[in-house]
Amino acid sequence: MTTLYDPITVGDLQLANRIVMAPLTRNRSPRAVPLPVTATYYSQRASAGLLITEATAISHQGQGYADVPGLYSEEQLAGWRRVTDAVHAAGGKIVVQLWHVGRISHTSLQPGGGAPVAPSAIRANAKTYLIGPDGGGFAPTSEPRALRLDELPGIVADYRRAARAAIEAGFDGVELHAANGYLIDQFLRSGSNHRDDAYGGSIENRARLLTQVLDAITDEIGAGRTGIRISPVTPANDASDPEPQPLFDYVVRKLAGYGLAYVHVIEGATGGARDYRQGDAPFDYAALKAAYAQAGGRGAWMTNNGYDRAAAEQAVASGAADLVAFGKLFIANPDLVRRLREQAPLNAPDNATFYGGTEKGYIDYPALA
Ligand SMILES: C=C(C(=O)O)c1ccccc1
């Protein structure tokens, strides 16, 4: 019987186990440049089968929070090379999550102080994290402007460029962030996409940007080094669609044709209730996985959100998942793999130091003796 601790080949990547560090925003990259301490943070956790970095902006326009990293300047790439070198020296594998926030941003973070961009000019009922003269805090996101058709090829090119930059920075691959109410999810969900052109209305149209971005990334670096994250029913960042099952059934059937390394699925509300639902019926994750397989999907299936050791072991043993991603548990337990395998006690995460700050709550969690 397959266990959480067995190796697995995921696309072009050979992973030592099926325990994944989920992407975790930590707001510790001033001027969007990862600091040397970030290399320590990720290399401490290198025993994970796979590390997925915190969400990383593909462009200045794609930035939505203070002190989150980017992948679009030489200084940022140099910062990430420190990280990939340190992780590889520790025997780990790491991919970078490629992120465009769309409307989840603020004019103070945008090029020239402009409006954030989105599929439609619909303000999200959401907040973002800003740092001002008296420190960090959350503020309402700004009113976005609708992207013009002629701007979309430029955004696709930004994803392609970032994917190439990721490989140059030493990453083993990329994860396309298509979840949690950010740009690609804003196009997918009818609550945020009211376009009346080829990128709005039908499910096929709302998924068009996703497929064009995946075409570009997989053409640039290969599908075997490309994963994707989706969140069918999350309400994060005011994401909403009343019919998530047909929408994401279509999405995974399209994903099946790419030969991706993996599909990463947030089950329920991100960081919240696993049984959260949008629309009339509970979301059927087994049906989603079956639709992907039926359409020829061969990528690994990664699940996330609120798993403990028993649930993760059960998910892999039953075949419901090939890998399980852990977020907060990896913040507090750099040696989570060992602790799960040995059923050792777990450090409790300190919520007060999740976002922003220094080494406290970042690299000072103890490993087992
Ligand atoms: C990138 C994020 C996501 O995917 O939800 C994020 C951003 C800010 C705080 C927490 C999470």
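**Figure 1. Surroundings of the ligand in the predicted model.** In this predicted model, the residues around the ligand are T25, A55, Y65, W99, H177, N180, Y182 and Y355.

**Figure 2. The largest nonpolar core and the contacts of I228.** The largest nonpolar core comprises 86 residues, and L71, L98, Y159 and I228 are those with the most contacts inside it. Helix 3, which runs over residues 152–168, gives the most to this core, contributing nine residues. Apart from this core lies another, made up of 15 residues that include I8, L15, L50 and A261. When residues up to four places away in sequence are not counted, I228 touches E175, L176, A178, L210, L214, L255, L260, Y262, V263 and H264.

**Figure 3. The buried residue D241 and its polar partners.** D241 is located in the loop that connects strand 11 (226–230) with helix 7 (244–255). With a relative accessible area of 5%, D241 falls under the 20% limit and is therefore buried. The side chain of D241 makes a polar contact of 3.0 Å with the side chain of R206, while a polar atom of the D241 side chain also lies 2.8 Å from the backbone nitrogen of E243. Once neighbours within four places in sequence are left aside, the residues in contact with D241 are L188, R189, S190, R206, L247 and Q278.

**Figure 4. The whole protein, as context for the close-up views.** The secondary structure of the protein consists of 11 helices and 14 strands. Its radius of gyration is 19 Å, close to the 21 Å given by the globule rule for 369 residues, so the protein is as compact as a globular protein of that length. The C-alpha trace spans about 60 × 50 × 35 Å along its principal axes, and 57% of the 369 residues count as buried. Among contacts between residues at least 6 apart in sequence, 73% join residues at least 24 apart. The accessible surface of the protein comes to about 13,600 Å², and carbon and sulfur atoms account for 51% of that surface.

Terms used
Residues are numbered from 1 along each chain as its sequence is written. This is a predicted model: local features need pLDDT of at least 70, side-chain atom pairs count only at pLDDT 80 or more; totals for chains, interfaces and linings use all residues. Side-chain values use heavy atoms; hydrogens and water are left out. A nonpolar core is a set of buried Ala, Val, Leu, Ile, Met, Phe, Trp, Tyr and Cys residues joined through side-chain atoms within 4.5 Å. Buried means under 20% relative accessible area, exposed over 50%, partly exposed in between (1.4 Å probe, protein chains only). Helices (H or I, at least four residues) and strands (E, at least two) are DSSP runs, numbered from the N terminus. Contact means heavy atoms within 4.5 Å. A residue is near a molecule or strand if one of its heavy atoms lies within 4 Å of it. The radius of gyration is taken over C-alpha atoms; the globule rule is 2.2 Å times the number of residues to the power 0.38. Accessible areas come from the Shrake-Rupley method with a 1.4 Å probe; for residues, only the protein chains shown count as cover. A polar contact is a pair of N or O atoms within 3.5 Å; within protein, one must be able to donate a hydrogen and the other to accept it, and residues adjacent in sequence count only if both atoms are side-chain atoms.
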